[in-house]
Amino acid sequence: MKHFRSKARNHEALAIDRRADLLDLLMGSAPKENETIGSAIVVHVCGPLEHRACGYGDSYEQIRARFTQAIEEAPEAIVLRIDSPGGVVAGLNEFVESLIAAKESAG
């Protein structure tokens with residue numbers, strides 16, 4: 001992470017960069033747009049996960065929308081790049097099943 005600098009020698013603790021925005025550290029950052037790298041599309045997943053858009057993290061509906069947008073561009077591969085501490089678990093299985101169904105219907 002950009003905000004943490006490792007001091008992890010001999011099991012020492014991690015240090016927080018004082019220049020980091022505290023709210024960004026605690027809440028994560030707003031989700032990024034999809035990124036095309038060669039013939040693949042990277043769907044970025046950032047921050048705490050929620051059911052609906054919240055402004056400080058990512059939501060299952062935002063990820064699903066970006067995943068659907070990526071599928072519509074017909075790439076050779078879609079990569080989910082996840083930088084998240086976790087979040088709301090309820091609904092996760094249904095969310096994953098919806099991504100799999102979208103992938104299968106797109107061929």
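Biologist: What makes β3 and strand β4 (residues 40–46) a pair?

Modeller: Two strands pair if DSSP finds at least two bridges between them. β3 and β4 have three bridges, in the antiparallel sense, so they pair by that rule. In β4, V42 is the bridge partner of E35. Strands here are DSSP runs of E with at least two residues, numbered from the N terminus.

Biologist: Good to know! What should I keep in mind about the model itself?

Modeller: This is a predicted model, where local features need pLDDT of at least 70 and side-chain atom pairs count only at pLDDT 80 or more, while totals for chains, interfaces and linings use all residues. Residues are numbered from 1 along each chain as its sequence is written, and side-chain values use heavy atoms, leaving out hydrogens and water.

Biologist: Which strands are the edges of the sheet?

Modeller: The open sheet has three strands in the order β3-β4-β7, with mixed pairing. β3 (35–37) and β7 (77–83) are the edge strands, since each pairs on one side only.

Biologist: How do you know that D58 and R66 form a salt bridge?

Modeller: The definition asks for a side-chain nitrogen of Lys or Arg within 4 Å of a carboxyl oxygen of Asp or Glu. The closest N and O atoms of D58 and R66 are 2.7 Å apart, so the pair qualifies. By this rule the count is one salt bridge.

Biologist: Why is L92 called partly exposed?

Modeller: Buried means under 20% relative accessible area and exposed over 50%, with partly exposed in between (1.4 Å probe, protein chains only). L92 has 31%, so it is partly exposed. By contrast, D58 and R66 are both buried.

How values were computed:
Helices (H or I, at least four residues) and strands (E, at least two) are DSSP runs, numbered from the N terminus.
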